[in-house]
Amino acid sequence: MKQMLGSEYDSYLASFDAPRKYGLRVNTRKISPEEFRRIAPFPLEPVPWIDDGFYYDGVNVRPAKDPDYLAGLYYLQEPSAMTPAALLPVHPGDAVLDTCAAPGGKSTELGTRLCGKGVLVSNDISPSRSRALLRNIEGFGIGNTVVLSESLDKLKQNTGTFFDAVLVDAPCSGEGMFRKDDKLIKAWSADRPAEFADLQKSIVLNAADMVRPGGWLLYSTCTFNELEDEGTIRYLLASRPEFSLMPAGDYEGFRHGFVHNDSDAALHLERCIRIFPHVMGGEGHFIALMKKSSDAPFTGCVPPVCRPEKLPDELTEFLSGVKTDIPAERITIRDGRAFLLPEKQINTHGLRVLRNGLLLGEYKKGNKKSRFEPSEALAMALPRDGFSNSLRLKRDDERVIRYLKGETIAVSEDEAKDGTVLVTLEGWPLGWGRKNRCQMKNRYLPGWRLQ
């Protein structure tokens with residue numbers, strides 16, 4: 001670091017005595033950053049280079065316990081880590097892949113920018129981390145997703161060059177997170193950058209092979225080591241010459257990638273972005289945005305055929321109360337559970353799939369007749385006031401916390417009708433309940449409840 005930073009090295013060391021930065025990113029599919037700042041129950045300051053990002057006081061504030069968080073209005077994320085997904089060109093209707101997606105910070109941003117169109121494929125090789133990824137994606141209300149726990153070489157066999165945009169936030173030695181988590185300092189060794197660089201090269205080549213001609217690839221790490229940063233980009237550009245580095249952003253705090261010779265200059269390594277904690281209000285990141293030549297070869301993805309199914313009466317009756325478009329031709333039913341498939345689909349045969357599309361709910365058999373039980377994922381994917389039979393709770397209503405803890409709550413006749421009820425926080429969905437007279441049984445998922 002001393003060799004890398006030269007005269008700035010002392011400032012870099014001094015930054016470790018400053019408190020770490022805490023951030024949250026607003027879910028713009030549910031609320032604008034301006035409106036959220038007005039209603040937030042704790043002070044916020046904008047992250048200058050992120051349109052939907054804010055700093056908060058991480059010492060005296062517990063935003064993960066706030067009902068707004070459980071309503072999916074924001075995601076907790078370190079400020080510099082917000083940058084990669086913000087810089088990847090994504091448009092509604094695109095096919096987007098997040099290759100190393102857990103725990104979901106970047107996937108939730110990418111999914112938000114798709115606006116419910118196209119498809120987001122979020123993958124993480126670790127099954128346990130993929131389950132956390134699914135929880136965060138569903139909690140953010142993103143339904144046009146495929147969540148996988150698969151190797152990229154196997155995924156590539158199924159998709160070909162299918163994706164308009166691919167993000168690789170690669171596993172790394174984590175030097176940019178030392179101030180955030182001292183466990184990373186203890187885990188670091190002089191051998192780790194080289195070990196991670198080998199892994200990164202394999203990941204980024206597989207990712208590059210899934211980008212369509214004319215599409216985008218963004219590579220990022222939370223380390224400062226050149227071997228894992230510019231070194232990996234040199235390797236990629238040499239191995240896949242159809243890619244070129246592109247300008248990614250011009251915020252005044254961004255530092256350029258390191259250029260050491262004419263070869264580096266010819267590759268435009270200066271277009272890489274470095275975030276340092278002594279320069280910007282974040283911990284640290286490296287980012288490289290690349291575009292694939294439109295003349296590159298195309299290998300198509302053969303998606304599965306979605307045949308329209310006759311929907312059970314219980315599901316049709318329930319959907320009549322949903323105030324958003326759920327195309328019946330994209331609904332599929334498997335093992336008693338109903339799913340809304342994304343607009344664009346991939347061949348998932350042979351892959352480890354945690355979720356393909358939005359889980360709408362499942363059928364429950366009763367003594368007299370069966371009923372449709374909607375899912376928590378559907379509740380979170382609905383727009384504000386998105387169901388005809390809703391209970392609209394104000395923030396200061398003590399029933400909000402009681403509901404989020406899984407308790408039965410009292411509901412008057414004029415607040416909601418009997419039957420399935422969408423419980424909301426000022427109109428933003430929290431989950432479901434089942435009302436009978438003046439009592440409502442709680443259907444909030446046990447694993448999501450406040451402790």
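Mentor: Strands S14 and S15 (residues 337–340) run antiparallel to one another and are joined by four bridges; strands here are DSSP runs of E of at least two residues, helices are runs of H or I of at least four residues, and both are numbered from the N terminus. Two strands count as paired if DSSP finds at least two bridges between them. Within this pairing, Ile-331 stands opposite Leu-340 of S15. The two strands belong to an open sheet of four strands in the order S14-S15-S17-S18, with antiparallel pairing. At its edges lie S14 (331–334) and S18 (371–374), each of which pairs on one side only. From one strand to the next the twist averages 30 degrees, where axes are lines fitted to C-alpha atoms and angles run from 0 to 180 degrees between N-to-C directions.

The model is predicted: local features need pLDDT of at least 70 and side-chain atom pairs pLDDT 80 or more, while totals for chains, interfaces and linings use all residues. Residues are numbered from 1 along each chain as its sequence is written, and side-chain values use heavy atoms, leaving out hydrogens and water.

Arg-334 lies over the face of Phe-339, at 4.2 Å from the ring centre; the criterion is NZ of Lys or CZ of Arg within 6 Å of the ring centre and within 35 degrees of the ring normal. Arg-20 is likewise placed over the face of Tyr-22, at 3.9 Å from the ring centre. Tyr-22 also belongs to an aromatic cluster with Phe-36, Phe-42, Tyr-56, Tyr-69 and Tyr-74.

The whole structure holds 20 aromatic pairs, that is, rings of Phe, Tyr and Trp (its six-membered ring) with centres within 6.5 Å, called stacked with planes under 30 degrees apart, edge-to-face over 60 and tilted for the rest. One of them is the tilted pair of Trp-49 and Tyr-251, with 5.6 Å between centres and 40 degrees between planes. These two residues are 202 residues apart, and both lie in loops. Trp-49 is buried at 12% relative accessible area, whereas Tyr-251 is partly exposed at 25%; buried means under 20%, exposed over 50% and partly exposed in between (1.4 Å probe, protein chains only). Phe-318 and Trp-432 form an edge-to-face pair, 5.6 Å centre to centre and 65 degrees between the planes. This pair links helix H13 (residues 313–319) with strand S22 (residues 428–436), and both residues are buried.

As for the cysteines, the count of disulfides is zero, a disulfide being a pair of cysteine sulfur atoms within 2.5 Å. Cys-115 is partly exposed at 35%, and Cys-438 is partly exposed at 40%.
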